[in-house]
Amino acid sequence: MMALLSALTPLNAVLLVPALAIPVLALVGNYRAGAIINVIACALTLAAGLSLLFAPRLRTDLLIIDDFNIYLVTLTTFVGFTTSVFSATYIAHEIEIGRLTPKYLRFYHAMYQAMMGSMNVALVANNTGLMWVGVEVATLSTVMMVGIYRTPEAIEAAWKYFILGSVGIALAFFGTILVYLAAQDVLGEGLPAMAWDALAANSAKFDARLLSLAFVFLLVGYGTKIGLAPFHAWLPDAHAEGPTPISAVLSGLLLNVALYALLRFKMVMAGNQATLDVGAVMMALGLVSLVFAGFMLYRRRDIKRMFAYSSIEHMGIATFAFGLGGPLANFAGLLHMTMHSLVKSAIFFAVGHIAQVKGTQRLADIGGLSVTHPVLAIGFALGVIAIAGMPPFGVFASEFMMVSSAFPRAPYATLVLVFGIVLSFGAMVLRMQEVLFGEPKGPRGPVKASYVPMFFHLALALVAGLWLPEPVVRWFRVVAAQLG
Amino acid sequence: MAMMLEIALQGVQMFLVVLVAPLMFGVTRKVKARLLRRIGPPLIQPYRDLWKLMHKEAVLAHNASWVYRVAPYAAFAAIWVAAALVPTFATDLLFSWSADLIALVALLGCARFILALAGMDVGTAFGGIGASREMMIASLAEPAMLLVAFAVALVAGTTQLSTIAAIFVNVPVGLRVSLGLALFAFVFVAIAENARVPIDNPATHLELTMVHEAMVLEYSGRHLAMIEAAAAVKLVLYFSLVACLFFPFGMATTEKSALAIALGLATYLAKILVMAVLLPIGETSVAKMRVFRYPVFLGGAFAAGALAVFLLFVSKGF
Amino acid sequence: MSPLAFDIAHLLAGGMLVLSFLLLYQDRITAVLNVFALQAIALSLSVAWQAVVQDAPHLIVTALIALVVKGLIIPGALHRIVRRLEIHREVEQVIGGGPTMLTGLGLVALSILLVQPVKQDVGILTREDLAFALAVILLGLLMMITRRNAVTQIVGFMSLENGLVLAATGARGMPLVVEFSVAFSILVAFIVFGVFLFRIRERFDSVDVGALDRFRGERRDQR
């Protein structure tokens with residue numbers, strides 16, 4: 001018994017709680033009980049994730065906890081928890097209107113935990129291969145959830161996500177093999193040649209050409225998951241057709257995990273001077289995504305699809321920042337990832353409420369929200385203001401930091417960056433106006449789901465915009481320095 | 001004395017291919033007939049046909065020019081020279097230095113060009129269409145053939161046939177996928193070049209399907225005899241090429257003793273006999289293709305040849 | 001390494017590449033499935049040979065998985081799907097056969113050019129396997145792009161994945177290879193299962209993924 005308890009370190013708990021919750025949720029027939037168990041499991045995982053902050057750093061051949069991933073684990077478990085709270089109330093309404101059946105919900109909750117667990121695996125893995133497995137399983141479980149409504153659109157979205165995601169993951173795997181091959185001469189055969197810390201510490205001695213080739217595959221592979229522009233085709237569909245809680249975790253978490261994977265590899269590349277200019281490639285892809293998504297935002301008629309494009313945009317911004325590199329830009333990138341997670345999931349919560357009360361996702365059929373549902377309208381407006389990058393929210397802080405650090409170093413690229421940000425700002429404000437004001441359209445029924453997660457996220461984003469606690473700043477600085 | 005021996009050996013090689021050619025033609029016909037449950041003509045029938053044609057009157061069209069009359073001899077000569085150069089039972093013969101794979105392709109191209117000219121000379125519809133189709137097939141087959149030549153040359157380091165054969169006999173090159181692919185491509189090319197099924201049917205006189213036969217439809221008498229003999233020699237030439245490039249075992253290389261040469265001759269005859277039996281078996285198992293499918297068929301040969309070359313680059317480096 | 005060991009590895013890996021080309025060359029779905037099964041068998045032989053050469057008995061497991069799952073079960077299941085859905089007709093191509101083959105040759109050349117400059121001391125076998133594997137991967141991608149049918153897209157993906165397994169086993173002493181091959185098999189099984197699960201045929205009267213394009217962009221019908 002004692003041995004069992006001592007094995008229950010926070011790290012193990014982060015991985016084991018979701019793993020144990022999967023079979024439980026798959027067996028519990030009552031959907032209300034399932035939702036509650038889901039929330040409890042997420043709360044336990046969050047508690048474990050938070051206690052990781054105070055646990056000692058550690059590394060084994062398979063798992064690692066360092067400054068970089070610990071903050072993402074915390075963020076992931078936190079957003080996972082709030083989303084599960086939102087999901088519990090949201091899903092109850094979906095059952096009432098008959099879009100989902102209790103049988104599907106059992107599956108849904110099990111998959112939710114599978115996704116949370118595999119994302120945690122991907123984050124704490126100290127092995128390129130194990131991380132790959134985590135991302136793969138996370139993708140598979142979200143695919144199942146995207147297709148859960150069984151409408152032709154949902155099936156199309158799931159199939160597209162499935163095929164593109166699989167190809168992406170396959171290419172990323174090839175990149176992983178190439179990195180192993182590059183490391184194998186130096187670190188010897190076996191597990192050490194796949195461990196992050198060993199790779200990053202020794203990359204100067206690796207074959208630069210092999211590393212460059214590997215990075216191309218990794219960029220295309222994980223870039224597909226991040227939703228960077230030429231490889232983004234799955235993202236809007238998957239966001240628009242899946243249940244809204246899934247859109248929230250897709251945007252808020254899975255994209256982050258994929259970006260994290262890419263950044264880990266970038267850290268390896270950064271140690272070797274002879275590789276191709278990884279940063280420039282990432283900056284270019286980031287800007288392409290940003291500007292492309294900025295233009296696409298104007299043509300959207302579906303509210304969830306629109307915010308999906310906004311996710312492409314923000315992932316582009318973060319990728320640009322990390323591509324630029326340097327302490328300040330990396331700091332901005334990390335902050336941006338965090339803020340985007342919080343704000344975008346809050347927006348999807350709001351959008352979920354709106355879609356439920358109005359019974360539609362079409363922007364043209366939603367209007368006058370400020371009259372029909374004032375509280376929801378305030379939450380939505382705050383979310384859109386935050387994501388569009390207006391002060392005093394955290395997204396403004398990160399974007400401001402990014403622009404100011406990028407301008408002296410890459411003035412032309414920064415112009416494009418500013419153009420893209422302004423472009424999407426315009427689209428956001430335009431759409432927000434249509435939704436909030438004008439002739440009230442659609443039903444006026446009360447909101448069934450809980451507002452708490454949405455406002456909680458927004459409050460955090462607001463606080464982060466006004467004042468970042470000293471430990472967080474110090475910590476981001478350390479990670480930013482590691483990223484090179 | 002040594003000189004005399006070399007001349008004699010070269011002479012043997014030269015006449016061997018011509019003499020054995022109609023026999024091989026007879027073998028393919030006989031096997032094909034037996035596969036179709038017919039008895040088929042005797043093996044020596046091609047010799048008799050040639051003899052008969054030699055003694056018949058050659059009928060010429062009124063508007064036939066000198067090209068028409070010269071073409072059969074010129075084509076036969078070109079093909080014979082080519083066939084005499086391909087190492088059959090021994091390498092390093094007197095004229096082996098000139099037996100270059102690319103020169104060989106050029107000689108065959110010459111023969112084809114002359115026949116195509118002759119086919120168009122009289123101005124009948126069949127000659128024209130036959131010539132144009134023959135040239136189309138040739139234009140598709142030639143790139144594949146050159147890629148095969150490159151692949152083999154990359155392994156052996158030379159395009160000189162005699163040297164290639166000697167290298168393949170004496171130095172183990174191992175199980176090379178690229179050589180297998182090259183063989184595959186080469187067989188496709190050989191089928192197309194020799195007007196065999198599925199590209200063409202040497203036994204047909206059906207208007208819409210014949211290619212080679214349409215081109216030479218107007219010929220008769222001794223001219224036709226030359227053309228038929230050229231076709232038979234060309235078949236043996238391709239057999240010899242396959243034997244020399246891909247199955248060179250048993251050839252007399254450096255040692256020119258009577259035993260080695262006898263062994264070389266015996267294995268050579270056995271090899272081409274096997275191929276003469278395999279060819280009709282392959283032919284009867286497939287149906288003739290439509291003209292529009294030729295590019296796909298020969299494209300496959302091209303792809304195989306190109307792949308062979310690429311694979312060699314991987315394993316050998318640039 | 002003895003020349004014979006190298007030659008056999010070369011033969012099997014090269015054979016996989018040739019089979020990839022044959023996959024592109026086929027114009028009937030049943031023939032595509034058969035060629036794919038052959039490729040999976042070639043893969044399993046190749047992996048088994050690597051197990052012998054590298055003295056890594058755990059690779060035998062990977063070889064067996066490749067043989068049983070990809071050589072037998074999945075082609076069998078796909079044959080069933082094809083028969084049940086009555087789609088054994090021709091493979092619908094986005095780009096014609098000739099240009100596809102030429103593009104394929106270009107991709108092979110590209111992968112050789114990419115792998116060629118890699119440092120010599122990774123070993124000629126690894127380097128060659130890498131070039132072959134990359135070519136197989138790119139050809140699999142090409143197949144996914146140029147075919148419209150869901151079944152042929154799956155075959156393209158699995159052939160891509162065969163290339164990955166070839167690369168992973170070719171990399172000397174790579175840990176977790178068996179686990180990866182299991183993970184990939186699950187992925188593939190999911191995909192095959194997905195055709196059933198998503199019932200593309202019943203929803204769209206066809207497994208032609210082009211039918212899905214109707215819903216591209218914005219949803220038009222509203223609930």
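Okay, a definition to start: the helices I'll mention are DSSP runs of H or I with at least four residues, strands are runs of E with at least two, and both are numbered from the N terminus. With that in hand, look at chain A, where Pro392(A) sits in the loop between helix H16 (374-387) and helix H17 (394-409). The bond joining Pro391(A) and Pro392(A) is a cis peptide, with omega about 10 degrees.

Some housekeeping. This is a predicted model, where local features need pLDDT of at least 70, side-chain atom pairs count only at pLDDT 80 or more, and totals for chains, interfaces and linings use all residues. Residues are numbered from 1 along each chain as its sequence is written, and chains are lettered from A and ligands numbered from 1 in the order in which they are written.

Staying with chain A, let's look at helix H11. H11(A) covers residues 244-270, and at 1.5 Å a residue its 27 residues should span 39 Å, which agrees with end C-alpha atoms 38 Å apart. The expected span, by the way, is 1.5 Å times one less than the number of residues. There is a bend of about 40 degrees in H11(A) at Leu250(A), taken as the angle between axes fitted to the seven residues ending there and the seven starting there. Buried here is 20 or more other C-beta atoms within 10 Å of a residue's own, exposed is 12 or fewer, partly exposed is in between, and the C-beta atoms are placed from the backbone.

Now chain B. Chain B has 11 helices and zero strands. Its radius of gyration is 19 Å, close to the 20 Å that the globule rule gives for 318 residues, so chain B is as compact as a globular protein of that length. That radius is taken over C-alpha atoms, and the rule is 2.2 Å times the number of residues to the power 0.38. Along the principal axes, the C-alpha atoms of chain B fill a box of roughly 55 × 50 × 40 Å. As for burial, 48% of the 318 residues of chain B count as buried.

The peptide bond from Val197(B) to Pro198(B) is cis, with omega near 5 degrees, and Pro198(B) is in the loop between H7 and helix H8 (212-215). That H7-H8 loop of chain B also holds Ala195(B), which has a positive phi of about 55 degrees without being a glycine. Arg37(B) is not a glycine either, and its phi is positive at about 65 degrees; you'll find Arg37(B) in the loop between helix H1 (2-35) and helix H2 (45-54). Which of these is buried or exposed? Ala195(B) is buried, with 20 other C-beta atoms within 10 Å, while Arg37(B) is exposed, with 7.

On to chain C. It has eight helices and zero strands, and buried residues make up 50% of its 223 residues. I'll call two residues in contact if their C-beta atoms, placed from the backbone, lie within 7 Å. Among contacts in chain C between residues at least 6 apart in sequence, 74% join residues at least 24 apart.

So, who touches whom? Two pairs of chains touch, and the most contacts are between chains A and C. There, 37 residues of chain C are in contact with 35 residues of chain A. H6(C) gives the largest share of chain C's side, seven residues. That side divides into 25 nonpolar, five polar and seven charged. For those classes, Ala, Val, Leu, Ile, Met, Phe, Trp, Tyr, Cys and Pro are nonpolar, Asp, Glu, Lys and Arg are charged, and the others, Gly among them, are polar.

Between B and C, 17 residues of chain B are in contact with 20 residues of chain C. H11(B) supplies the largest share of chain B's side, 12 residues. Chain B's side has 13 nonpolar, four polar and no charged residues. Chains A and B have no contact, and their closest C-alpha atoms lie 16 Å apart.

Last, the core. A nonpolar core is a set of buried Ala, Val, Leu, Ile, Met, Phe, Trp, Tyr and Cys residues joined through C-beta atoms within 7 Å. In the largest one, with 368 residues, Ile79(B), Ala185(B) and Val236(B) touch the most other members. Helix H7 of chain A, residues 152-187, gives the most to this core, with 24 residues.
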